[in-house]
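Please read it alongside the model shown here, which is a predicted one.

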Amino acid sequence: MAFFSSTEPPFRTKQDALDFQDLWGAWSLEFRLGQQTLFAARYTRVDQVFLLWGLLSISLFAIGQLLPLSWSTQAVAGSVLTVLGTIGMSALTIFWAKVESLAWLIHLWVALMLLGVLLTDYGIWCGSSLILMHLCPLWLGLSAIGYLITGSGLRSRAFLIIAGIHLGSICLLPLMATWQFLGTGIVIGGSLLLLAQVQWDMNSESDYLLLSEAQKTFNQQQLKLRQGNQ
């Protein structure tokens, strides 16, 4: 079997024929003006996590850039919101991750987020200028590590590309001058919002032991539909 899927591009429009584990907990949005549909999308639990973290990331870095809040206030708010976001991420994706044999992926991102919070809080409360001067590279670097491991584990070129964008952004931070916080938030949050809106490639190796025979049959039918639409 090829490491990456030979039939899927890294990014493409979302597919309609989703597997059972993707449909579980998914919700749809549709905005209409009269008979005209302005926007319609379906978000899986994984997409919902991308939306959650995307909006949270942009908000936290924008607050740090634009509002005159003290470092201590930002540390408390950032820590609380990051912990809540981590709990929400785990709750939303646990079923999908277990079915896909990817529970380790949740542990990875939980560890990276908590490490980021601990280092950030240490820098603020202990007055570490080294950390405070490198908060943007720190969070871009942690995100890049997460995407690199995720891309390798899921055999996904999309996540490896996102990892490259984060690493490249670290090199470009000096060009952002005093707008590094806002720029970092746009890169981190924007990447997550992009992933929520598109179909990214994944080469699953799960045996789907947690699914019933009926659910496995449903997935096989959905796979045939997807193959027929290619």
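The axes of α6 and α7 come within 8 Å and cross at roughly 160°; because angles over 145 degrees count as roughly antiparallel, the two helices are roughly antiparallel to each other. The model is predicted, and the points below are grouped by topic.

**The α6–α7 pair**
- The crossing in which α6 passes α7 is left-handed.
- On the α6 side, the residues that meet α7 include Pro 137, Leu 140, Ala 144, Tyr 147, Leu 148 and Leu 154, while the α7 residues in this contact include Phe 159, Leu 160, Ile 162, His 166, Leu 167 and Ile 170.
- Sorted by class, the contact of α6 with α7 has 12 nonpolar and seven polar residues, with no charged residues.

**Helix α8**
- Helix α8 covers residues 180–197, which is 18 residues, and spans 25 Å from its first C-alpha to its last, close to the 26 Å expected at 1.5 Å a residue.
- Buried positions in α8 include Gly 183, Gly 185, Val 187, Ile 188, Gly 189, Leu 192 and Leu 195.
- The buried residues of α8 pack against both α6 (135–154) and α7 (157–172), and also against β1 (11–12), β3 (36–43), α2 (45–66) and β4 (199–200).

**Thr 44**
- Thr 44 lies in the loop between β3 and α2, and with a relative accessible area of 10% this residue is buried, since the cut-off for buried is under 20%.
- When its neighbours within four places in sequence are left aside, Thr 44 contacts Leu 18, Asp 22 and Ala 26.

Methods: Residues numbered from 1 in each chain as written. Predicted model: local features only at pLDDT ≥ 70, side-chain atom pairs only at ≥ 80, totals over all residues. Heavy atoms only, no water. Helix = DSSP H or I, 4+ residues; strand = E, 2+ residues; numbered from the N terminus. Expected span 1.5 Å × (residues − 1). Buried < 20%, exposed > 50% of the residue type's maximum accessible area, 1.4 Å probe, protein only. Contact = heavy atoms within 4.5 Å. Axes fitted to C-alpha atoms, helices over the stretch in contact; angles between N-to-C directions. Parallel < 35°, antiparallel > 145°, perpendicular 65-115°, else oblique. Left-handed = near helix turned anticlockwise from the far one by under 90°. Nonpolar A, V, L, I, M, F, W, Y, C, P; charged D, E, K, R; others polar.
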